[in-house]
Amino acid sequence: MRKTALAGFAAAFLLPALALAQQVSEQRIITGLGKLQGAAPIVDVEILRQEAMNGSGKQMSGLPNWSKVARLPQMVVEIAFANDSVAIEPESYRTLGMIADALHHPNLWAYKFLVVGHTSSTGTDQHNLDLSQQRADAIKEILSTTFAVDPGRLYAVGVGEYFPIDGSKSEGANNRRVQLYNLGVFTKKP
């Protein structure tokens, strides 16, 4: 069984798709996602989803709404999935637990987050788009059902293979990843 990338974790602010392997820690997650300075730009998740579905063959980072997202505090989280599946490998639950703990931390509890699923380019366009959406949905579901993160704070969008890590080969395993973006203040308290 082939696993998707599980090489590490990267946190970045204002640097889209930065993927430097770093140690995962709750504090790093809190720091990486908590760097929102000022009001976040208004991002319509449904428009992002439509752009992803209609964006076959285009690099997402160049689309107007996705370029807004790229300016938000973000982190790249590499989660292991079973090959061509949305089944999360057991070793990734520790990372998901740390993410959940961070999202429950007082520094982040007031924010909402976008979970973006990615794939490498080894499948067909439509398959990769569907798989990336299913993986983003799986992360959202695990965070809300297993780790009690309010699902109203979480949004999931899959972008298939069209938001590769800068400078990487699109078929590279490191492009099979999940990103979290801080979308700004959540209007309901958890």
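Visitor: Which residues does Asn182 touch, not counting residues up to four places away in sequence?

Guide: Asn182 touches Leu33, Leu36, Leu72, Pro73, Tyr111, Lys112 and Phe113; contact here means heavy atoms within 4.5 Å. Keep in mind that this is a predicted model, where local features need pLDDT of at least 70, side-chain atom pairs count only at pLDDT 80 or more, and totals for chains, interfaces and linings use all residues. Numbering runs from 1 along each chain as its sequence is written, and side-chain values use heavy atoms, with hydrogens and water left out.

Visitor: Is Asn182 buried or exposed?

Guide: Asn182 counts as buried because its relative accessibility is 0%. The cut-offs are under 20% relative accessible area for buried, over 50% for exposed and partly exposed in between, with a 1.4 Å probe and protein chains only.

Visitor: What does the side chain of Asn182 reach at 2.9 Å?

Guide: That would be the backbone oxygen of Leu33. A polar atom of the Asn182 side chain also lies 2.8 Å from the backbone nitrogen of Gly184. Asn182 itself is in strand E5; helices (H or I, at least four residues) and strands (E, at least two) are DSSP runs, numbered from the N terminus.

Visitor: New topic, then. What does helix H4 pack against?

Guide: The buried residues of H4 pack against several elements, including helix H1 (26-33), helix H5 (125-145) and strand E5 (178-185). Among those buried residues are Met98, Ile99 and Leu103.

Visitor: And what does Leu103 touch?

Guide: Leaving aside residues up to four places away in sequence, its contacts include Leu33, Phe113, Leu143 and Leu154. Leu103 is also one of the residues with the most contacts inside the largest nonpolar core, which has 48 residues. Such a core is a set of buried Ala, Val, Leu, Ile, Met, Phe, Trp, Tyr and Cys residues joined through side-chain atoms within 4.5 Å.

Visitor: How many helices and strands are there in the protein?

Guide: Five helices and five strands, running β-α-α-α-β-α-β-α-β-β from the N terminus on.

Visitor: Which strand has the lowest mean pLDDT among the elements?

Guide: Strand E1 (residues 9-12), at 32, while E4 has the highest at 94. pLDDT is the predictor's confidence in each residue, from 0 to 100. Across the protein the mean is 79, but residues 1-22 stay under 50. Where pLDDT is low, the predicted coordinates should not be read in detail.

How values were computed: A polar contact is a pair of N or O atoms within 3.5 Å; within protein, one must be able to donate a hydrogen and the other to accept it, and residues adjacent in sequence count only if both atoms are side-chain atoms.
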